[in-house]
Amino acid sequence: MRKLRSKKVVAAMPPYKSLQDYTGQAGGSAKKKVIVAMSGGIDSSVAAALLKRASFDVIGIFMKFWSEPSKDGLQGAWNRCCSPEAERRARKVAKILKIPFYIFNFEKEFKKRIVDYFLKEHKAGLTPNPCIVCNKEIKFGLLLEKALALDADFVATGHYALIKKRKDGIHLLRGKDKNKDQSYFLWQLNQKQLKQILFPIGEYTKDEVRKLAKNFKLPLSNIPESMEICFIRTTVNDFLKTHLKGRPGPIAEPRTEASFIRGRQVHYGVKKIVGQHQGLWFYTIGQRKGIELPCGPYYVLDKNLKKNLLIVTKNQKDLYKKKLLAKDVNWISGKEPKLPLKIRAKIRYRHQPASAIITKNLEPKTYTLKFNKSQRAITPGQSVVFLKGQEVLGGGIII
Amino acid sequence: MPKTSKRIYLDYAATTPVDSRVIKVMLSYFSERFGNTMSLHSFGQEAKQALEESREVVGSLIKTKPTEIIFTGSGTESNNLALKGIAFANRKNGRHIIISQIEHPSVLEAAKWLESQGFKITKLPVDRHGLINLNNLKKAIKKDTILVSIIHANNEIGTIQRISEIGKICKGKGVYFHTDATQSFGKVPIDVNKMNIDLLTANSHKMYGPKGAACLFVREGTKIEPLLHGGGHEAGLRSSTVNVAAIAGFAEAARICKREMKKEVKRLIKLRDKLIKGVLEKIEESHLNGHPKKRLPNNTNFWFSFVEGESLVIQLDLLGISASTGSACSSAKLEPSHVLLAIGSKPHQAHGSLRLTLGRWTKEKDIDYVLKVLPGIIGRLRKISPFKKR
């Protein structure tokens, strides 16, 4: 069996010791047990290797999620991030690291809590973030429960994010690699969960993680990055087409600007009908492609679910808004900070954080964000994440 | 256990290690006596000789004529051959097949597929111990019934059916009777004539032989079609170059089981009952699944209230004890076991089940070790259980 030789990398990198703080070795107490979610990808594999090197008692877990049954009875239907190929790789890494390895089958729960939610939201004309719900409900929900059942102290994943323990509580920070940072997907976590989570690769960049993989001799070159929604094989629209019936309706140009009245967005009026859409769930705010109207380009500006109306505009400027409303807000510290508060907000995963002021509305219980500069395509259903410096304070769902 | 490590293997129902005496016999068939049983030359003759001797030995364990043993590649294949082979050969006489609710997936799924091909399937329910009701069986057999297939000893809960009575009923009604004896073959005495069995599945890797060898006993005069067509091996019922090494191993394993059965059964029953008694005494709210008496000498299956089986099995594994929640086939799926549901368990009970199956290398100290660590694990799991008592 190959040994873990990684001293070279360590010497070349800053001497991070945060993992050692958790192992409990220094105090002479027993080894801490950690369950690491292994997807067979480079990030979670390196996470497992780092934990092993830091003298944790490591158990590898491969989670099976839901995968869409193949059409036409063809062989080989699987979920992108838990395919037989991914499982094979994860198992191989576990063997190299000499750690026990088990499979947890979350197919049913995943279908119920993630896929069904995803479809429900789309059906309601919203654009959900299934990965955020998966983190809360599956990875740091079900898996965490299972980990406790195995007497584990922690659950670890290959997320690019940082957890810092301070006197006033546990803080969630953006990962060192700002391009890979995945803290956006973690805003729904709470103190109880964070206490039991480790993100071993959060303090490395992707390049450093690749180097570590090489030094740990993990056979993981040429693996495609997991970027898209794992349970969707081709495109979101293909997936929606299979699972939601089409509901054709008119496409219209707007008459007036939408406005907010007492915390509720009021939809645009109609100037003129310009075409037909196939179902509102096939469109997302800001979308240009696929509207298929002559004399374009058109952009999706809004959806009116009641009237089954798709509002489009030729004027990109219409897509820029200074204000948004958020519901289901979570403050990671467990306590709401003093409001109004100056923050930076991220309105989608690949969004450059923008300065805003957050205030609270009492009736209905929502929060308003006012941006300094207008933001393009604020999309209902997406998460807005509140940042202060590098810290994720919390987030909410855009309405 | 033949030289492995300190791990305690208690999953003999999933598969067994190969006895070193069996390996010794097999070795000569790889590079010395490697011939094709269909060849005319001396290599072929050697192989054919070994094959026919194996047939005799395996058949003698259940009192068949040697020619009534058809060697196959797996228990699943034997079960498929029995169901589909009988169904397609006899469909002119009827399209009705009777099975039980607690069959192995290789019978259940074969039956399900036959259903899609226009056959009618009746699944007999079982009582809380896993036994079918003989009157139900009698009533279920109709004019167009062609086959009854009832598992001899269940792979999960170990319940042994009243196979002689079932055989008698089938004989009286003139329908073929198949039994899947994968778990019982070599462990309890079987006489296909006295028990009126027409077809019987047996498997090598559950009785200390190698994987990749199994057989189907097919009574002389039975109308049956093959699944595999080709060179006409195994009386035309299973074309494929014969895996002589594995079959010779199967036969040697059968020989050993036959010779040691009486003593071994006694030894296993003692250990089994010690384990059952110990668990039920030491752990509150623990229950035995399956029949208290009519059960395999090596099978135990428990359920513990407020405990989730998967976590329990992993905890045991981390302590070096290899166990199972249900059958090995369903371990990866996390569906509640169809067998446990059939005996009336609620889904959460089925999830909280633990199967420990003993075998040739199980020692009393292994049982003692299990009894030492199991109560603690159960206690800790109950503390954090999502199904906890409120």
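Pro340(A) has its place in the loop between strand E14 (320-331) and strand E15 (341-346) of chain A, where helices (H or I, at least four residues) and strands (E, at least two) are DSSP runs numbered from the N terminus. The peptide bond that leads from Leu339(A) to Pro340(A) is cis, with omega near -5°. The model is a predicted one, in which local features need pLDDT of at least 70 and side-chain atom pairs count only at pLDDT 80 or more, while totals for chains, interfaces and linings use all residues. Residues are numbered from 1 along each chain as its sequence is written, and chains are lettered from A and ligands numbered from 1 in the order in which they are written.

Chain A is divided into domain 1 (31-238), domain 2 (249-314) and domain 3 (320-398), with bounds that come from an automatic or database domain assignment. Between the centres of domain 1 of chain A and domain 3 of chain A, taken over C-alpha atoms, there are 26 Å. Their contact takes 19 residues from domain 1 of chain A and 17 residues from domain 3 of chain A, two residues being in contact if their C-beta atoms, placed from the backbone, lie within 7 Å. On the side of domain 1 of chain A that touches domain 3 of chain A, strand E6 (residues 169-174) of chain A gives the most, with five residues. That side of domain 1 of chain A has nine nonpolar, eight polar and two charged residues, where Ala, Val, Leu, Ile, Met, Phe, Trp, Tyr, Cys and Pro count as nonpolar, Asp, Glu, Lys and Arg as charged, and the others, Gly among them, as polar.

Two loops of chain A can be followed next. Gly40(A) is found in the loop between strand E1 (33-37) and helix H3 (42-53) of chain A, and it counts as buried because it has 23 C-beta neighbours inside 10 Å; a residue is buried if 20 or more other C-beta atoms lie within 10 Å of its own, exposed if 12 or fewer, and partly exposed in between, with C-beta atoms placed from the backbone. Leaving aside residues up to four places away in sequence, Gly40(A) touches Ala86(A), Glu87(A), Arg89(A) and Ala90(A). Ser55(A) lies in the loop between H3 and strand E2 (57-64) of chain A, and has a positive phi of about 65° although it is not a glycine. With 14 other C-beta atoms within 10 Å, Ser55(A) is partly exposed.

The largest nonpolar core has 138 residues, and those with the most contacts inside it are Val34(A), Val36(A), Val46(A), Ala48(A), Leu51(A), Ile61(A) and Val155(A); such a core is a set of buried Ala, Val, Leu, Ile, Met, Phe, Trp, Tyr and Cys residues joined through C-beta atoms within 7 Å. Helix H6 (residues 130-149) of chain A provides the largest share of this core, eight residues. Apart from it lies another core, of 79 residues, among them Ile98(B), Leu137(B), Leu199(B) and Phe217(B).

Chain B is divided into domain 1 (8-16 + 261-383) and domain 2 (20-256), and the C-alpha centres of these two domains lie 27 Å apart. The contact takes 24 residues from domain 1 of chain B and 25 residues from domain 2 of chain B. To the side of domain 1 of chain B that touches domain 2 of chain B, strand E10 (299-304) and helix H10 (338-342) of chain B each supply at least two residues.

Also in chain B, the axes of helix H2 (residues 42-60) and helix H7 (residues 244-282) come within 9 Å and cross at roughly 30°, the axes being lines fitted to C-alpha atoms, for helices over the stretch in contact, with angles that run from 0 to 180 degrees between N-to-C directions. The residues of the contact of H2(B) with H7(B) divide into eleven nonpolar, one polar and two charged. Tyr208(B), in the loop between strand E7 (199-203) and strand E8 (214-218) of chain B, has a positive phi of about 75° although it is not a glycine, and counts as buried with 27 C-beta neighbours inside 10 Å.

Finally, the two chains meet where twelve residues of chain B are in contact with ten residues of chain A. H8(B) gives the largest share of the side of chain B that touches chain A, four residues.
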